[in-house]
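Work through the exercises below with the coordinates open. Each task is followed by a solution in steps.

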Amino acid sequence: MADRSKVIRDVTIFTPDGRVEGDCLIENGRIAEIGEVTGTADTEIDGKGRWLWPGAIDGHVHFREPGPTYKEDWHTGSSAAVAGGVTTVFEMPNTKPTTTTVERLREKRALASEKTLCNFGLFFGAGPNNHDEIRKAQGVPGLKIFMGCSTGDLLVYREEDLDEVFAAWLGKVCVHAESELRLRERAEKFEGRDDPKVHSEIRDPRAAAEAVELATKLALDHGRDLHVLHLSTLDELEVLDAAREKAQEHGLNTRITCEVCPHHLFMNTDAYDEWGTRVRMNPPLRSEEHRKAMWEGLDEGAIQMIATDHAPHTIEEKDRPYREAPSGVPGVETMLPLMLDAAHRGECSYEDVLEWVCHAPAEIYGVVGRSKIEQGNHADLVLIDPKMTREVRDEDQFTKCQWTPWAGRELTGWPVLTLVNGEVAYRRDDDGRGEVVGRVGMGVEVEFE
């Protein structure tokens, strides 16, 4: 039976109002007191020299279950999450079968609840013909639309079909924005190429920008909040700026937000030379100009949050020739260490990271009672050692695919203890060895405003 109370002593607490030196008391899974805690608790945790953050939210993961669970499942995916200081994930609908009916949504909720160590939300998927199901879906972070190159019954790319989907859904619309027609045209043009770099030429910046133009047009027409997933180009930022200006000029309440993935922040097309098909992903890696633009977008607030698009495949699958290799890379357990290291190196502040991976995802999706260290909130917390330096290694990964595109990188700043709803889910010793200790089913489905 879990301890009913815990206190983390002598720790630097990152609250919404700034850093506080003191203690954090947890009772019955919630934050009970912040500051100087004079009483005792069932468990005392020494936080000296460490930082206490709210657990990160990864708003974009693929845990593969139901479906190809030899790559990942809810237990291994959530284990990877808590090892990376992520206490809540939002899982995408392109499982097998796809999450495109309320019955499949119900089944996936039951499956996740039985196996997960982290909290979760489940996206509902749009197809060209499931409008009645879309209208009935409830309790999800948003409706996911694949505007280009998806599997099964999830591709929606014709404007008339997209218009009907936007009309059917009253909540937040989240788009994988790549123009299907341009992708087909470009694939035919480059049919004779089979080097991995061609992936970034086929799926060029214009393909992304054209889809964002259409998505923002429909969002403004229907008055829907829009979130653009895994932004990767300067071209998209320019389209979003224009759409936001138009919304403001016309007094529209439509809110337009977006996210960027770590691989588009820390890699460019040169990575193909080292990693080949292992860094094939959709949208693809971009030139250095676009990579720098992603950082500028974060700095200026044009990009609001970071998410990973955690998409595990086996190393055998990824090492196939370009035309056969699947797209996607794992990332849920390296997002926070990568960003902490970026702050350590001066590319941003630690408070920036806190905003991008904790506060902003919760605010954008309307998550209730999480992501901020405040009295009464759920105790989803991560204890960070800001001075710990260690190398990322494949063999240390908890994801079932057991590899990472960040292997060999030395990072400073690591999670050493992760709590989900007040229970310890993961801990790391002083030598850097990590252990998942949480119980299956300890995570819950989060509530949305």
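**Exercise 1: a loop residue and a helix**

The place of asparagine 253 is in the loop between helix 8 (234-249) and strand 13 (256-260). The model is a predicted one.

Task: state whether asparagine 253 is buried or exposed, and give its C-alpha distance to methionine 294.

Solution. 
- Step 1. The relative accessible area of asparagine 253 is 76%.
- Step 2. The cut-off for exposed is over 50%, so asparagine 253 is exposed.
- Step 3. Asparagine 253 and methionine 294 are separated by 41 residues in sequence and by 26 Å in space, C-alpha to C-alpha.
- Step 4. Met294 belongs to helix 11, where it is buried. Other buried residues of helix 11 include His290, Trp295 and Leu298.

**Exercise 2: the span of helix 11**

Solution. 
- Step 1. After helix 11 comes glycine 301, with a positive phi near 85°.

**Exercise 3: helix 1 against helix 2**

Task: describe how helix 1 (residues 74-83) and helix 2 (residues 102-115) cross, and classify the residues in their contact.

Solution. 
- Step 1. The two axes come within 9 Å and cross at roughly 60°.
- Step 2. That angle makes helix 1 oblique to helix 2.
- Step 3. The crossing of helix 1 past helix 2 is right-handed.
- Step 4. From helix 1, Trp74, His75 and Ser78 meet Leu111, Ala112 and Lys115 of helix 2.
- Step 5. The contact residues divide into three nonpolar, two polar and one charged.

**Exercise 4: backbone exceptions**

Most residues other than glycine have a negative phi, and most peptide bonds are trans.

Task: which peptide bond at proline 97 is cis, which one at proline 283 is cis, and what is the phi of arginine 64 and of aspartate 309?

Solution. 
- Step 1. Lysine 96 and proline 97 are joined by a cis bond with omega about 5°; proline 97 sits in the loop between strand 7 (86-91) and helix 2.
- Step 2. The bond from asparagine 282 to proline 283 is cis, omega being near -5°. Proline 283 lies in the loop between helix 10 (271-275) and helix 11.
- Step 3. Arginine 64 has a positive phi, near 70°, and is buried at 11% relative accessible area.
- Step 4. Aspartate 309 has a positive phi near 55° and is buried at 10%.

Key: Residues numbered from 1 in each chain as written. Predicted model: local features only at pLDDT ≥ 70, side-chain atom pairs only at ≥ 80, totals over all residues. Heavy atoms only, no water. Axes fitted to C-alpha atoms, helices over the stretch in contact; angles between N-to-C directions. Helix = DSSP H or I, 4+ residues; strand = E, 2+ residues; numbered from the N terminus. Parallel < 35°, antiparallel > 145°, perpendicular 65-115°, else oblique. Left-handed = near helix turned anticlockwise from the far one by under 90°. Contact = heavy atoms within 4.5 Å. Nonpolar A, V, L, I, M, F, W, Y, C, P; charged D, E, K, R; others polar. Buried < 20%, exposed > 50% of the residue type's maximum accessible area, 1.4 Å probe, protein only.
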